[in-house]
Amino acid sequence: MIFTHDTEHALAVVVDLINTGAAASGAEELDELPGLRAFVERNSFSDLGEVTGEDVAAVRRLRDRFHAVFLAGEVPTAVRLINEIVGAVRTTPHLTDHDGYDWHVHFFAPGAPLPEHLAADCGMALAYVVAAGELDRLRTCEAPDCARVLVDLSRNRCRRYCDSRTCGNRMHVAAYRARRREAAL
């Protein structure tokens with residue numbers, strides 16, 4: 001584990017959030033409240049206030065800001081973007097030990113609205129990545145027809161695809177077929 005459990009969980013949440021957008025996946029998954037509720041259910045949030053229709057537009061705007069961090073490429077740009085995200089919300093760091101996990105820090109107030117929850121926890125997780133000198137772990141899938149994002153948490157920084165079962169497998173099969181064609185010539 002490169003980062004703490006709660007940081008890695010928040011990074012997985014921000015990846016899932018970005019990949020719900022048309023810019024990353026080709027289709028908008030958070031177009032209405034049911035899509036947002038499915039996202040919340042999928043990511044097992046704790047201490048979350050009621051999710052409302054007003055949250056949909058706010059979360060989509062936040063998603064675009066997070067996506068910009070992944071596309072930043074340079075540390076000063078990423079730092080500026082992350083500081084803007086975290087600086088725009090009320091953070092209330094507190095220790096908690098829930099759901100069988102040891103003590104860890106939450107940066108949102110208990111019962112905070114979803115956009116505030118995401119901005120605080122996911123923004124701080126991205127801040128930890130940058131502070132650790134690991135910005136290059138925030139990536140876009142290398143498959144030519146995919147724009148989904150990923151966080152490479154492998155030890156040797158070798159993860160290239162958003163999902164090894166889809167993009168990774170497709171690219172490996174294509175490379176195998178190309179080698180076979182080349183060998184047949």
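Start by selecting L126: L11, V14, F66, V69, F70, I82 and L138 all touch it, leaving aside residues up to four places away in sequence; contact here means heavy atoms within 4.5 Å. You are looking at a predicted model, where local features need pLDDT of at least 70 and side-chain atom pairs count only at pLDDT 80 or more, while totals for chains, interfaces and linings use all residues. Residues are numbered from 1 along each chain as its sequence is written, and side-chain values use heavy atoms, with hydrogens and water left out.

Now widen the view to the largest nonpolar core, which has 45 residues. Such a core is a set of buried Ala, Val, Leu, Ile, Met, Phe, Trp, Tyr and Cys residues joined through side-chain atoms within 4.5 Å. Buried means under 20% relative accessible area, exposed over 50%, and partly exposed in between (1.4 Å probe, protein chains only). F39, F66, F70, L118 and L126 have the most contacts inside this core. Color α1 (5-18), α3 (33-42), α4 (53-71), α5 (75-87), α6 (114-131) and β4 (149-151), the elements that give two or more residues to it. Helices (H or I, at least four residues) and strands (E, at least two) are DSSP runs, numbered from the N terminus. The biggest giver is α6, with ten residues.

Next, pick α1. Eleven of its 14 residues are buried, so this helix is largely enclosed by the rest of the structure. Those buried residues pack against α2 (22-25), α3, α4, β2 (104-106), α6 and β4.

Hop over to H117, in helix α6. It counts as buried, at 5% relative accessibility, and it touches F45, S46, D47, L48, F108 and C122, not counting residues up to four places away in sequence. For contrast, click P76 in helix α5, which is exposed, with a relative accessible area of 60%.

Last stop: salt bridges, meaning a side-chain nitrogen of Lys or Arg within 4 Å of a carboxyl oxygen of Asp or Glu. The count comes to ten. Select E28 and R60, whose closest N and O atoms are 3.5 Å apart. This pair links distant parts of the chain, with E28 in the loop between α2 and α3 and R60 in helix α4. Then show R157 and E134, at 2.5 Å. Here R157 is partly exposed, at 31%, whereas E134 counts as buried, at 12%.
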